[in-house]
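We will walk through a few of its helices and strands together.

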Amino acid sequence: MALSTDTEYVQSIAQEAIELLKKLISTPSFSREEDQTALLIGEFLQNKTIPFQRKKNNIWALNQHFDPAKPTLLLNSHHDTVKPNKSWTFDPFEPIEKEGKLYGLGSNDAGGCLVALIATFCHFYSRPDLSYNIALAATAEEEISGKEGLEIVVPELPPIQFAIVGEPTQMHLAVAEKGLLVIDCIARGKSGHAAREEGDNAIYKAIKDINWLTSYRFPKVSPTLGPIKMSVTIINAGTQHNVVPDACSFTVDIRVTDQYTLEEIVETIQAHIQSEIQPRSIRLRPSSIPVEHPIVQAGVRLGRNTYGSPTTSDQALLDCPSLKMGPGHSERSHTADEFIYLHEIEAGVAQYITMVESVVAPAE
């Protein structure tokens with residue numbers, strides 16, 4: 001399978017996408033502060049006479065010939081960014097083209113993906129011959145796993161058959177993604193004077209539980225995502241050197257695979273440790289799409305690799321098969337002087353269109 005879209009046409013719509021990306025970079029859009037970039041995306045669609053809906057800082061649209069009897073493909077990416085770290089040598093809000101790169105905050109994560117998906121949606125928008133509907137959702141709060149992003153858009157959309165989630169993967173195919181479970185734990189003891197044999201040191205109790213958490217291996221291993229990974233990342237205890245602490249709190253970051261539900265993991269942990277545990281959320285579930293799915297096979301025919309992703313995205317909020325892929329490289333995300341290559345955006349647009357075409361308008 002080859003990229004079949006006309007080169008000049010792809011260059012033209014990719015350049016439009018790049019100009020939109022420059023505007024997005026110039027407009028601060030930290031999570032929960034994306035109102036102005038939502039306005040820009042809405043204006044872009046409006047200039048193409050594409051009706052859209054807005055809820056909070058989320059924008060979505062449906063193809064012109066939407067038919068409730070047909071299944072729906074969702075194209076989704078986010079327009080919020082993290083805050084720039086102090087190591088930037090450029091102005092993070094000034095889009096700079098240099099040596100084939102476009103620098104700017106959010107250029108790689110996930111602006112390039114977003115504008116390439118918007119270009120893809122616009123390409124298919126007016127087609128009357130599609131076997132699928134196509135929905136576009138440019139959503140907010142992804143960088144903080146917020147509850148007023150994709151989560152509030154999905155109920156407004158028609159039922160989704162499958163989704164493409166735009167994240168920087170070098171256009172390789174993340175066919176599975178680990179979920180995220182964060183648990184806050186408290187080991188309880190009894191305070192006393194450190195100089196005497198009194199009290200019940202909560203730190204020692206916490207150490208026993210932490211040793212279990214760091215050594216336990218869940219028996220079922222995912223063929224695409226590998227084992228579940230548990231990491232203790234925060235610990236707090238004590239008030240002064242001579243007081244035996246009566247409480248020790250610690251936080252566990254758990255990267256979840258498709259072999260267990262989040263509830264099963266919580267039950268297993270509770271059965272093996274003495275500390276009180278409190279999950280922060282059970283929203284961010286693992287996600288996947290069968291390798292045999294037509295959209296995945298379309299990418300494989302283009303020479304792209306399949307893999308399981310250890311990081312979490314808005315895929316976790318979708319209750320349907322979903323494929324994560326997009327232009328850019330995940331290693332550039334959240335880094336100083338973030339950039340995306342201009343040719344990556346153009347190639348991304350071409351690959352998105354070719355893959356979607358093979359599924360929504362297959363050759364007879």
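What follows is a short tour of helix packing, a sheet, and some local details.

This is a predicted model, in which local features need pLDDT of at least 70, side-chain atom pairs count only at pLDDT 80 or more, and totals for chains, interfaces and linings use all residues. Residues are numbered from 1 along each chain as its sequence is written, and side-chain values use heavy atoms, with hydrogens and water left out.

Let us begin with the helices. Helices here are DSSP runs of H or I with at least four residues, strands are runs of E with at least two, and both are numbered from the N terminus. Helix α1 spans residues 7-25 and helix α3 spans residues 107-124; they pack at about 135° with their axes 9 Å apart. Axes are lines fitted to C-alpha atoms, for helices over the stretch in contact, and angles run from 0 to 180 degrees between N-to-C directions. α1 and α3 are therefore oblique to each other; angles under 35 degrees count as roughly parallel, over 145 as roughly antiparallel, 65 to 115 as roughly perpendicular, and the rest as oblique. The crossing of α1 and α3 is right-handed, meaning that the near helix is turned clockwise from the far one by less than a right angle.

To see which side chains to display, look in α1 for Tyr-9, Ile-13, Ala-17, Leu-20, Leu-21, Leu-24 and Ile-25, which meet Ser-107, Gly-111, Gly-112, Leu-114, Val-115, Ile-118, Ala-119 and His-123 in α3. Contact means heavy atoms within 4.5 Å. By class, this contact of α1 with α3 has 11 nonpolar, four polar and no charged residues (Ala, Val, Leu, Ile, Met, Phe, Trp, Tyr, Cys and Pro count as nonpolar, Asp, Glu, Lys and Arg as charged, and the others, Gly among them, as polar).

Ile-41, Phe-44 and Leu-45 of α2 make the contact with Leu-114, Ile-118 and Cys-122 of α3. The contact of α2 with α3 has six nonpolar, no polar and no charged residues.

Now turn to the sheet. Three strands form an open, antiparallel sheet in the order β4-β5-β18, where two strands pair if DSSP finds at least two bridges between them. Its edge strands are β4 (96-98) and β18 (339-341), each pairing on one side only, and the twist averages 25° from one strand to the next. Three bridges join β4 to the antiparallel strand β5 (residues 101-103), and Lys-98 has Lys-101 in β5 as its bridge partner. α1 packs on this sheet, touching β4, β5 and β18, and its direction makes about 25° with that of β5. α3 lies across β5 and β18, running at about 40° to β18.

Finally, two backbone details are worth a look. Most residues other than glycine have a negative phi, and most peptide bonds are trans. The peptide bond from Asp-109 to Ala-110 is cis, with omega near -5°, and Ala-110 sits in helix α3. Thr-49, in the loop between α2 and β1 (53-55), has a positive phi, near 55°.
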